[in-house]
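Have a look at it first, then read on.

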Amino acid sequence: MLDKISVVLIGTSHPGNIGSAARAMKVMGLTNLVLVDPACEIDEKSIALAAGAADIVENARIVNTLDEAVADCGLVIGSSARSRTLEWPQLDPRECGIKTIEETNSHPVAILFGRERTGLTNEELQKCHCHVYIPANPEYSSLNLAMAVQTISYEIRMAHLEAEKYKGETQEVEYPRAKELEMFYEHLEKVTRQTRFINKNHPGMVMNKLRRLFNRARPEQQELNILRGILSSVEKSLASREK
């Protein structure tokens, strides 16, 4: 289960935070670290703060975009504060741990952590199926990156240990990967433009709300295939009318 979980750090600016996050992961049995467009390089400070988790730092996968990082993931969870313009399904850390372990039965899962100062952008959060929020003391809610990784990793481990007691009793559900979802959204936008449901020059909020709808609904692979089939049927109908 734990081998299917990736901790994804986006735009990390301090090399020491990479090492500290790796240490937090390894303590809880997580080993897959992905760095998206880091604003720093892995250096001796990263290795020093990783302590006994230098292997995780050295084997970290470095990619240029978030899409590359989560392409094969069936569930993407972004760490976020509550104050967002566009509301998204929210989990607390315990719920995040349980959901993560449940879904590793059928596909990889990614947990995203944003930049030290600004966190994840709205665009990045919109690529997530849900968000996880750590309900810290509102009078002093300052959590550094490694603390956040440690908190979520702990809940994942606890859920993993609980799931081990009932191994073999869960029923697997196949969900589409992030790459397949992005292809569906591109297809959806293309067709809604063709039908003039949305203005091709200003697809903005409509597509954002449609993303939220389908991310919240979590269509299974077979259901997504049906939706793609409906879109293709609409395209054929439009093409025949133009002849």
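1. Ground rules. This is a predicted model, so local features need pLDDT of at least 70 and side-chain atom pairs count only at pLDDT 80 or more, while totals for chains, interfaces and linings use all residues. Residues are numbered from 1 along each chain as its sequence is written, and side-chain values use heavy atoms, with hydrogens and water left out.

2. Domain 1 puts 18 residues into the contact and domain 2 twelve residues, with contact meaning heavy atoms within 4.5 Å.

3. Buried area. About 1100 Å² is buried between domain 1 and domain 2, 54% of it on carbon and sulfur atoms. That is the accessible area (1.4 Å probe) that two parts lose on being put together, summed over both.

4. Salt bridges. Two of them link domain 1 and domain 2; the term needs a side-chain nitrogen of Lys or Arg within 4 Å of a carboxyl oxygen of Asp or Glu. Separately, Arg-218 and Glu-103 pair up in a salt bridge at 2.9 Å, N to O.

5. Backbone. Arg-218 isn't a glycine, yet its phi is positive, about 50°. Asp-37, not a glycine either, has a positive phi of about 40°.

6. Patch. Tyr-154, Met-158 and Leu-161 make a nonpolar surface patch with about 260 Å² of accessible area together (over 30% relative accessible area, no salt bridge, nonpolar side chains joined within 5 Å; Shrake-Rupley, 1.4 Å probe).

Note on methods:
Patch = residues over 30% accessible without salt bridge, like charges linked within 9 Å, V, L, I, M, F, W, Y side chains within 5 Å.
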